[in-house]
Amino acid sequence: MDTVVTALRSALADPDGAVVRTDPAVLDAARTDKSGWTAPGGPVAVVEARSVADVQAVLRTCSAARVPVVPRGAGTGLAGGANGTEGSVVLSVARMDRILDISVADEYAVVEPGVLNGALDAEVAEHGLRFAPDPASAAISTVGGNIATNAGGLRCVKYGVTREAVLGLDVVLADGRLVSTGRRTVKGVTGLDLTALFVGSEGTLGVVVGATVRLVPLPAGAPATLGAVFPTVADAARGAAAVVTGASRPSTVELLDAAALAGIAAHLGPQVLTETLGSSSADGAFLLVEFDGPDAAQAALGAAPRLQAEGGTVHHATSAVERERLLTVRRSFHPAMEARGRVLIEDVAVPRSRLAEMFERVEAIGRRHGVAIPTVAHAGDGNLHPNFVFAGDEVPAHVWAAADELFRAAIDLGGTLTGEHGVGVLKRRWLGDELGDDVLDLQRGVKAVFDPLGILNPGKAI
């Protein structure tokens, strides 16, 4: 593998190793991500690409040498999809972080893949626009990573997931060719939709080096926020369904079950729940509902009776301070879990009408396996994030057994293994259960067209 490193440094004019990194600490860091999974082996190099030409040079070199390439952004993934595996070259595009163009008239931006979500949002906000996809990790996750996994987030109940916000892509293929897909127009149906195919492909078809993303106007006026406490999580799930199917579509609908509230109370202190929710009890469930746009306040007033009809005690935030308190409860979920130990953050989705059933299945699975499964959900689109907290570096067998049941339950209810985190390494074993053999064969055939040598992110996703 020293030959590959030498070839890369020659191709990139990098004799001192400033771009082609082989420092043990750098290689070790590339083996893991936010999922907690660490590749058993390790990469031979991490290339910190600065340009499209760098990416092309890496792929030409590795293609000629038959060396696997793992595309990587900020390393915030939750499925092991960008972890550097044994003998691979990790191709990091995190330093390709420029916003190249913003068109206010046509409502799009052209960006490099390493641009942070939060940075893009802040930049376009000065023009009265917004990049709608809003993963909870917006401050640290990249647009390229969002595209790789088709990320969702808190606002997708109203604005859609990343795929709906991507107009076109610049992609370097496995052999080093640069192709451009999509358009900058609102409409366009010329040929097959390869842009949509690349979105969510987890670096298995090509390396995204540029994206034209759709922007939307910033909503007028202040958001209107409701917090509701329900006796049971099933009540809260029905409340979520009631507000989503109303005349006004909320921009955020987030649900925390009793185990999640208990963890947050332990992390923040019970007085925070008392001040925010009116009770320090973690026996029920919490639903956060927010509307945006000029009619937000009226929509929130109309939603309150729907929540009350399902058993909710509703609090309407009357100030920015009260809104922030309600949002803090939701935002504190993952820090509260991480404060307790290592966390396996799962990601399944079911039809909204089956959300209450899925929560019941999660609770039953936890009882059977003797493990607590605190769960938060993007309830407006049926996307649940059950969390498993454990000690040590390896996920215990009983946790994987519980997760296995959880995945099968989601599929049984007409849902999916992953709503927004991707398959990566951690969910490969269940892929055939959802897709079936014929569809899985078709997907592998598509990969073979784009990557005939199989060097792009091998062992991940499909």
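View 1. At 32% relative accessibility, Asp23 counts as partly exposed. This is a predicted model. The side chains of Asp23 and Arg21 form a salt bridge, with N to O at 3.0 Å.

**View 2. Glu48 and Arg21 form a salt bridge between two strands.** Their side chains meet at 3.3 Å, N to O. Glu48 sits in strand S2, residues 45-48, and Arg21 sits in strand S1, residues 20-21. The two residues are 27 residues apart, and the pair links distant parts of the chain. Is Glu48 buried or exposed? Glu48 is buried, because its relative accessible area is 12% and buried means under 20%.

**View 3. Five charged side chains are linked in a network.** Which residues take part in this network of salt bridges? They are Arg21, Asp23, Glu48, Arg50 and Arg95. The structure as a whole holds 24 salt bridges.

View 4. The closest N and O atoms of Arg330 and Glu254 are 2.7 Å apart. Arg330 lies in helix H12, residues 320-331, and Glu254 lies in strand S13, residues 252-256. The partners are 76 residues apart in sequence, so the pair ties those parts together. Arg330 is buried, with a relative accessible area of 5%. Glu254 also counts as buried, at 1% relative accessibility.

**View 5. Helices H8 and H14 pack roughly antiparallel.** H8 covers residues 233-244, and H14 covers residues 355-369. Their axes lie 8 Å apart, at an angle of about 155°. Why are H8 and H14 called roughly antiparallel? Angles over 145 degrees count as roughly antiparallel, and therefore this pair qualifies. H8 passes H14 in a right-handed crossing. On the H8 side, the contact is made by Val233, Ala234 and Ala237. On the H14 side, the contact is made by Leu355, Ala356, Phe359, Glu360 and Glu363. The contact residues divide into 6 nonpolar, no polar and 2 charged.

View 6. H9 spans residues 258-268, and H10 spans residues 270-277. Their axes come within 6 Å and cross at roughly 115°. Which residues of H9 meet H10? They are Leu261, Ile264, Ala265 and Leu268. Facing them in H10 are Pro270, Gln271, Val272, Leu273 and Leu277. This contact has 8 nonpolar residues, 1 polar and no charged.

**View 7. Glu202 has a positive phi in a loop.** Phi of Glu202 is near 55°, a positive value in a residue other than glycine. Where is Glu202 placed? Glu202 is in the loop between helix H7 (194-198) and strand S10 (207-214). Glu202 is buried, with a relative accessible area of 9%.

**View 8. Ala461 has a positive phi after helix H17.** Ala461 is not a glycine, although its phi is positive, at about 55°. The residue is in the segment after helix H17 (437-450). Is Ala461 buried or exposed? Ala461 is buried, with a relative accessible area of 10%.

Definitions and conventions. Residues numbered from 1 in each chain as written. Predicted model: local features only at pLDDT ≥ 70, side-chain atom pairs only at ≥ 80, totals over all residues. Heavy atoms only, no water. Axes fitted to C-alpha atoms, helices over the stretch in contact; angles between N-to-C directions. Helix = DSSP H or I, 4+ residues; strand = E, 2+ residues; numbered from the N terminus. Parallel < 35°, antiparallel > 145°, perpendicular 65-115°, else oblique. Left-handed = near helix turned anticlockwise from the far one by under 90°. Contact = heavy atoms within 4.5 Å. Nonpolar A, V, L, I, M, F, W, Y, C, P; charged D, E, K, R; others polar. Salt bridge = Lys/Arg side-chain N within 4 Å of Asp/Glu carboxyl O. Buried < 20%, exposed > 50% of the residue type's maximum accessible area, 1.4 Å probe, protein only.
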